[in-house]
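Thanks, everyone, for making time for this.

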Amino acid sequence: MTDRNDEGKAGGVGGFARARRTRFARVTLAVFAVFVLALGAGAGVLAVSVARVPEDLVSGKVAVSRAVLDRKGVLLRAFQTPDDRWRLAAGPQDVDPLYLRMLLAYEDRRFRDHAGVDPRALLRAALQMVSSGRIVSGASTLTMQTARLLMEGSTRSAVAKWRQIVLALALERRLSKDEILTLYLTRAPFGGNVEGVRAASLAWFGKEPKRLTPAECALLVALPQSPEARRPDRFAGNARAARDRVLVAMTLRGVLSAEEAAAARREPVPTLRRDVPLLAAHAAREALARMQGGASEVRLTLDAGLQSRLEALAASRARRLGRRISLAILVADHKTGEVLAHVGSAGLLDEERRGHVDMTHAVRSPGSTLKPLIYGLAFEEGIAHPDSFIEDRPMTLAGYSPTNFDRAFQGTVRVADALQASLNVPAVELLDAVGTARFISRLKAAGADPRFPPGEAPGLAAALGGFGMTLDELVELYGGFARGGRAMTLKRYADDPDPALAIPPRRFLSETAAWRIADILSRVPPPEAANGEGVAYKTGTSYGYRDAWAVGFDGRHVIGVWVGRADGTPVPGITGYLAASPILFDAFQRIGPERARLPGPPKALEGEDRVPAPLVHARTRTPRRGGAEALGPEIFYPPDGAIVELGSQATGSAPLVVKARRGRGPFVWLANGKPVASGPFARSVSIVPDGPGTSTIAVIDADGRAARVTLDLR
């Protein structure tokens, strides 16, 4: 009985246990089913949410500071974003690889493997929170952090965290891992209005992030976690502690050795926030106009190192010259026309000197800097020769009575010496012989745009700078001298085509005449204590001591310097030789200690040397005969200024025929300064042109009277 009762009890207990297990299994199955359904529903909702993320959030486009770079990509100047941030674009290729290894090791070791959310990190964080009752570690991936930066809001609430996860998954669907990393490197906060690792490296270390020390890498990893509380310039202790925690973690994770981490911890943290680079401020301001559409960068032809050295030179020299005096320096490679340095003033922020005014573009009187072109035209047309003699005496030409700078006269001087001494009377006399219209025409062919006062026609005062030009134009003119008489066009932007390929350079002066000018100017004595070897240069001073100039070139570079006051008021005693030429030679030294050699004489020079070089104007010579011979020669075909279609003449099969009348033989014919074979008494000559462009044909009779025409050959 008892046994049966016991057995019945046992059976009852066993049945009850089996029933409980059955019910538990059913409940578990139901819970699991609910969990699976909830998980499936959540996944469905998540998928729908990801698909509905706005395109602008996942496009990978971020408003960044517009940046102006030098020829090698070095930052010259940046401009704040519309929301007043320093945010410079940066990708993985722009930063030190060690920084990237440390960033991923510290923030997201499985960044390359997960799809935006790391389930293992989520599970670990949840278990740690349950076991300890508090948050021990986060589960946010680098993609989720990037999503938070794009959302620009807090993610503390459950709804915000859900949106962050959705956006992270959407980013992974739309962008590559490197594109997501680029977004983080561009948007991560580093204190104040500094965003992005490139802006941070410039602000805290004063350098680009391509080469960083382990200590610098660790600080850049630590700052975005709490950018304001760890700002090195305000809370250096916090910044150092956070950096050192990163260094410890890097040793534990095998990124750094213990010795490397210990050495990094000994480095101090920066306590000063540096300014974003402000080089070539005026050129950078101009470059903004080229940033069309969504462009964020423009690259100039400038050399950042040379630009920095010349800006320091300009500021130093301006302080020595006195208050309110500014200066400008322009350096170009005359082989290519590329502008290598553009110093528009002695300092952009120097209000006393009106530093915001770019004096490389200011229209000012060029003084005596244009005399070499006058002499060059006289050489080209057979009016003068460097070894000929010319009179430096008081005279009046066309109602104009020039005087020299020192009010004295030298008498009879060599033409080369007259140019080297920058004598005014010989220059005006030669301009009268060459013709002002021809001089202005050649100046324009060299790339200049002479500005005359309204209603004033060009006159002989043009020889002494009686009109306006810019430093840009003077550099182009002297670059043309250095190129053998072919015009040089300045190239300022790295992506511009080579001017020589876009438009073949126009010849404005014969090769031999240009070489003669360079040879004469290379013998001008340099300023005191300057190394002038290998530099051809000329100075100029405008009327009333308003502008001082110095322009020169060697075998590779051409440099122009202007000194004066930006408001155009006089500076008593300032001259090109005393104020501008020392800066010119200092600028050449800043390029390098060795000068590129000037070229030797052209092959055609020997033939040209045998040509007579009369100096006296036809109208001032006493005629020897009466009648038509007394009138001097005249070229009547083709007429002056005629446009001649070359056609088959370019091949040499149809020469250009030029005819003259009057004058007394024998005659000497010149084409662009070179002698043309002909009979001594021939009044016509056949010339085979070199090609299209401006060509000057001259004839000289037995009395030294000359006639010339300028033709446009096409």
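This is a predicted model: local features need pLDDT of at least 70, side-chain atom pairs count only at pLDDT 80 or more; totals for chains, interfaces and linings use all residues.

Let me begin with helix α3, whose buried residues are Leu98, Tyr99, Leu100, Met102, Leu103, Leu104, Ala105 and Glu107; buried here means under 20% relative accessible area, exposed means over 50%, and partly exposed is in between, with a 1.4 Å probe and protein chains only. Residues are numbered from 1 along each chain as its sequence is written, and side-chain values use heavy atoms, with hydrogens and water left out.

The helix spans residues 97-107 and is mostly covered, since eight of its eleven residues are buried; helices (H or I, at least four residues) and strands (E, at least two) are DSSP runs numbered from the N terminus. What covers those buried residues includes α5 (142-151), α7 (177-187), α8 (197-205), α9 (214-222) and α10 (236-252).

Now to the sheets, where two strands count as paired if DSSP finds at least two bridges between them. Five strands form an open sheet of mixed pairing, in the order β14-β20-β19-β16-β17. Its edges are β14 (643-644) and β17 (674-675), and because each has a single partner strand, one side of each is left without a neighbour in the sheet. Within this sheet, β19 (residues 693-700) and β20 (residues 706-713) pair in the antiparallel sense over eight bridges, and Ser695 stands opposite Leu711 in β20.

Another open sheet, also mixed in its pairing, has three strands in the order β2-β1-β5. Here β2 (75-79) and β5 (297-299) stand at the edges with a single partner strand each, so one side of each lacks a neighbour in the sheet. The twist averages 15 degrees from one strand to the next, where axes are lines fitted to C-alpha atoms, for helices over the stretch in contact, and angles run from 0 to 180 degrees between N-to-C directions. Strands β1 (residues 66-69) and β5 run parallel and are joined by three bridges, with Glu297 in β5 as the bridge partner of Ala67.

Which residues touch the most other members of the largest nonpolar core? In that core of 110 residues, they are Ile329, Phe439 and Val563; a nonpolar core is a set of buried Ala, Val, Leu, Ile, Met, Phe, Trp, Tyr and Cys residues joined through side-chain atoms within 4.5 Å. Leaving aside residues up to four places away in sequence, Phe439 touches Leu370, Leu373, Ile374, Leu377, Leu431, Ala462 and Phe467, contact meaning heavy atoms within 4.5 Å. Apart from this core lies another, of 63 residues, including Leu142, Ala168, Leu181 and Val246.

Finally, some backbone details. Tyr637 and Pro638 are joined by a cis peptide bond, with omega about -10 degrees, and Pro638 sits in the loop between β13 (634-637) and β14. Asp84, although not a glycine, has a positive phi of about 65 degrees; this residue lies in the loop between β2 and β3 (86-87) and is partly exposed, with a relative accessible area of 48%.
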